[in-house]
Amino acid sequence: MTWKQALTTFCDLYSESGLTTKWIIVGSVGSVLQHAVMTPNDLDIYVRNSEDVAQIAELLSPFHIKNKTELSYFDPEWLSSDEEPFFTQSFPSGFTWTKGKWKIHDFHVEVVQISNSVGIPDSETGEGIWEGGQHIWNLTKYVELENRLIPVVPLEIQLESNIRRGRQDRVDAILQALITHGYDKSLLSKALSNTNKEQYKDLIT
């Protein structure tokens, strides 16, 4: 099954549920939905509040594994189960997230809420906007996929995040999509950190 089938399955379940949980697509699927050429390995869905993870986990209960896995939360093969549909994890830095993970017809789907992003710059005034941070909710973009409107983090923000990660392959793909299909110069200027603005000044001047 492809990321597109996993996403449309999620969208249809959500639409039929009557939930009003706020969610947004981040990561590679969000980039591909905005014309960037890359191959997603999983579908990353962020929600705004920690209780939203529980609601989405209930929605995705048909995809729970039956028995709780003994794998570490750090293991990429950890999956949500009937007994443990999601977990909350804190790191030494204070960074804290709540996460569930499923396979929807063999494609990995993660639902994440970040309650503490300590140490990760996220600012509209110089530090750069992070694609997992607080500003994405006010800057959501909607794209159409098979008659469904999908909320995504704009590519302008994803560019900054992938520069930080050192993912030059994704930076190149995002830049190509922005240049080919157009972009919001004002948003790009906000999204890029002062350091990265210098490198990409030709795009924002």
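Mentor: A residue is buried under 20% relative accessible area, exposed over 50% and partly exposed in between, with a 1.4 Å probe and protein chains only. Helices (H or I, at least four residues) and strands (E, at least two) are DSSP runs, numbered from the N terminus. This is a predicted model, in which local features need pLDDT of at least 70, side-chain atom pairs count only at pLDDT 80 or more, and totals for chains, interfaces and linings use all residues. Residues are numbered from 1 along each chain as its sequence is written, and side-chain values use heavy atoms, with hydrogens and water left out.

Trainee: Which residues of helix 5 are buried?

Mentor: An α-helix has 3.6 residues a turn, so residues three or four places apart point the same way. In helix 5, the buried residues are Arg-170, Val-171, Ala-173, Ile-174, Leu-175, Ala-177 and Leu-178. They pack against helix 2 (27-32), helix 4 (155-165) and helix 8 (201-204), where contact means heavy atoms within 4.5 Å. Gly-182, with a positive phi near 95 degrees, follows helix 5.

Trainee: Which residues lie nearest the centre of the largest pocket?

Mentor: A pocket is an open set of points on a 1 Å grid over the protein atoms alone, where a 1.4 Å probe fits, with protein on both sides within 12 Å along at least five of seven lines; lining residues have an atom within 4 Å of a point. Here 21 residues line the largest pocket, and Asp-44, Tyr-46, Trp-97, Glu-131 and Arg-165 lie nearest its centre.
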